[in-house]
Amino acid sequence: MATLNDIGVAAAINILTAFAFFIAFAILRLQPVNDRVYFPKWYLKGLRSSPIKTGGFASKFVNLDFRSYIRFLNWMPQALRMPEPELIDHAGLDSVVYLRIYLLGLKIFFPIACIAFTVMVPVNWTNSTLDQLKNLTFSDIDKLSISNIPTGSSRFWVHLCMAYVITFWTCFVLQREYKNIGSMRLQFLASEQRRPDQFTVLVRNIPPDPDESVSELVEHFFKVNHPDYYLTYQAVYNANKLSELVQKRKKLQNWLDYYQNKHSRNPTKRPLIKIGFLGCWGEEVDAIDHYIEKIEGLTRKISEEKETVMSSTKSLVPAAFVSFKRRWGAVVCSQTQQSRNPTEWLTEWAPEPRDIYWDNLALPYVQLTIRRLVIAVAFFFLTFFFMIPIAFVQTLANIEGIEKAVPFLKPLIEVKTVKSFIQGFLPGIALKIFLIVLPSILMLMSKFEGFISKSSLERRCASRYYMFQFINVFLCSIIAGTALQQLNSFLNQSATEIPKTIGVSIPMKATFFITYIMVDGWAGVAGEILRLKPLIIYHLKNFFLVKTEKDREEAMDPGTIGFNTGEPQIQLYFILGLVYAAVSPILLPFILVFFALAYVVYRHQVINVYNQEYESAAAFWPDVHRRVVIALIVSQLLLMGLLSTKRAARSTPLLFILPVLTIGFHKFCQGRYQPIFVRYPLQDAMVKDTLERMREPNLNLKTFLQNAYAHPVFKAADNLANEMVVEEPHPDRTPDLVATKRGSRRLHSGSAETFT
């Protein structure tokens with residue numbers, strides 16, 4: 001178990017590591033050759049030019065202005081200087097609201113920490129319970145926790161009152177934040193420029209018809225049932241094979257660029273390659289000619305596949321993007337049932353074009369339930385089997401366990417510095433390493449489930465990651481760590497004393513989480529700003545593949561804010577802070593440092609680096625709110641169980657009220673604010689439509705929308721765009737009479753045709 005000295009060693013290591021990262025970043029960001037790595041967002045916006053083009057030869061690669069090195073931390077005030085409205089225009093609402101999660105942590109935990117250290121710490125410290133217990137492993141830092149309060153003590157009323165303060169303050173802050181972000185979302189939607197998704201709905205599970213193709217069926221259905229507002233549609237094609245060919249050609253083009261650059265550096269020698277297995281053996285040929293030939297052949301295949309996809313009805317997916325003349329029409333269509341059969345003609349808001357994950361649009365709708373069931377089972381087993389490495393991490397926090405497993409290392413482990421390193425630093429870094437590969441696995445699972453937008457993929461991945469963090473990192477670490485640390489106590493006491501030992505031991509796991517917070521929340525956040533991996537990849541691409549300025553722009557990797565991994569990680573800190581605030585307040589300063597440092601670092605990254613792939617207008621906030629509420633309820637239940645083991649019978653019943661009040665608060669927020677993030681108000685849609693008609697009476701909306709939802713691999717195909725644009729009906733045409741191939745079999749009456 002980590003002692004106060006071990007925590008000090010870990011803090012020193014992580015502070016020095018973070019400071020080293022900041023120093024390295026401050027130096028690297030000033031070098032002209034790294035300008036595109038640390039300021040890619042400004043290049044993508046066309047607001048920054050490369051400093052390499054100006055100055056002397058040396059100044060193109062190295063910053064010779066030594067005065068700039070003195071102000072190496074000036075990026076921090078610069079990151080805080082941009083006001084929030086300007087930041088929304090610059091980076092979007094998603095990025096700004098994501099940053100507000102860090103501010104939410106500061107708003108919740110700073111007042112709680114002040115009260116806890118003023119009231120709770122003196123109450124816990126002025127006892128000697130731990131000193132009186134035999135066979136119990138503890139350190140001086142544990143005397144600051146509730147474990148140091150004697151069984152049945154009246155001092156538990158202080159912890160009960162603290163639980164009420166934490167609950168009411170957290171709910172107050174959450175309600176204000178939900179209200180403010182809801183207002184920001186409505187204001188953003190009202191003020192943003194015209195976008196294709198404002199007029200478009202995605203229609204799925206279109207029923208088959210023997211007389212009409214999917215395209216004809218869509219046109220007929222919406223002309224009949226939405227005669228006043230229907231404008232056009234774009235069919236969805238299964239172009240996954242074509243996308244694979246395009247990606248393969250891109251890789252071949254990279255190799256061709258590499259060998260052409262290599263030849264340009266040494267024109268007297270043509271590069272040669274072997275065309276056998278992995279290029280290790282086989283016939284030796286001219287590399288440039290070889291890749292030119294392969295690219296030409298693949299280009300012909302792409303052209304043929306494109307023609308096949310466009311001409312074959314089998315390539316059409318039973319889905320379509322349907323656009324309307326007014327936003328009002330799109331709102332009505334997306335939020336109403338279209339058919340008597342509720343499983344057909346399913347409509348939803350279309351994601352913005354850059355948000356669509358095209359590979360999953362080709363999946364049959366009937367498969368989605370099966371796929372999600374399969375992934376639910378797979379996730380269960382993934383969570384279960386990951387408990388093994390988590391339990392291993394807990395053994396690293398237990399010196400006795402390591403010495404028993406590897407007794408020959410006992411002399412080395414007993415060295416004071418080594419022991420402090422193992423207990424104060426190693427468990428946190430080991431857990432961080434085990435979790436590196438997890439987000440990639442969870443994203444693959446989300447893609448298999450069939451979500452059709454990148455935003456929904458990230459939200460589902462975040463949900464899974466949060467569940468995993470809660471079960472494995474939080475609960476498993478507490479249970480496994482307590483069992484390992486107090487194994488000797490369990491074996492040498494009666495069964496009736498075991499619950500008491502558990503009640504004392506759980507708060508003492510705070511030391512493990514402190515080491516994890518310092519590794520992940522201090523050094524990890526500081527490492528994020530260094531961008532070491534993108535820096536190396538950019539210079540490798542720049543040296544081997546870049547030939548033009550366009551190639552150099554493509555070599556930049558601005559990345560995104562990473563909601564699928566970042567938000568669940570933040571939620572872990574909310575769980576730890578709320579659970580341990582009334583149990584072991586020593587965690588709170590470490591958590592506050594994380595939220596403050598992360599806010600500054602990620603604000604800098606949002607301003608200068610990250611380029612979001614989509615804009616959902618903060619649609620993820622209900623998930624954030626719900627998870628903080630879950631963390632609050634978990635903290636109440638754990639405190640309730642903890643007090644029951646401490647025989648605080650008189651105070652425990654009063655804790656039953658808190659989960660009920662918290663659930664009621666969540667239901668209130670769910671009914672009052674969540675609809676803002678799910679549906680679009682008809683009133684706002686009508687206002688926006690009216691203003692647009694007044695400002696642009698001659699707007700040709702059909703031209704604006706006709707290619708908006710064409711598959712990216714078809715963007716260059718003019719004939720495809722012409723095929724997918726449907727002619728607008730003449731205004732004098734009777735809306736309830738629509739010519740179809742089924743006219744000989746079906747009689748059109750004065751009312752719209754019924755689809756079942």
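**A helix pair, a covered strand and a buried arginine**

Helix α7 passes helix α9 in a right-handed crossing. In this predicted model, α7 spans residues 93–125 and α9 spans residues 156–191. Their axes come within 11 Å and cross at roughly 165 degrees. Angles over 145 degrees count as roughly antiparallel, so α7 and α9 are roughly antiparallel to each other. Sorted by class, the residues in the contact of α7 with α9 are 22 nonpolar, four polar and four charged.

Two other strands pair with β5. Strand β1 (residues 200–204) runs antiparallel to β5 and is joined to it by five bridges; here Val-203 stands opposite Ala-320 of β5. Strand β2 (residues 230–237) is also antiparallel to β5, with six bridges joining the two, and in this pairing Gln-234 stands opposite Phe-321 of β5.

Is Arg-36 buried or exposed? Buried means under 20% relative accessible area, and Arg-36, at 7% relative accessibility, therefore counts as buried. Leaving aside residues up to four places away in sequence, Arg-36 touches Tyr-43, Ser-50, Tyr-538, Glu-549, Arg-552, Glu-553 and Met-556.

Methods. Residues numbered from 1 in each chain as written. Predicted model: local features only at pLDDT ≥ 70, side-chain atom pairs only at ≥ 80, totals over all residues. Heavy atoms only, no water. Buried < 20%, exposed > 50% of the residue type's maximum accessible area, 1.4 Å probe, protein only. Contact = heavy atoms within 4.5 Å. Pairing = 2+ DSSP bridges. Helix = DSSP H or I, 4+ residues; strand = E, 2+ residues; numbered from the N terminus. Axes fitted to C-alpha atoms, helices over the stretch in contact; angles between N-to-C directions. Parallel < 35°, antiparallel > 145°, perpendicular 65-115°, else oblique. Left-handed = near helix turned anticlockwise from the far one by under 90°. Nonpolar A, V, L, I, M, F, W, Y, C, P; charged D, E, K, R; others polar.
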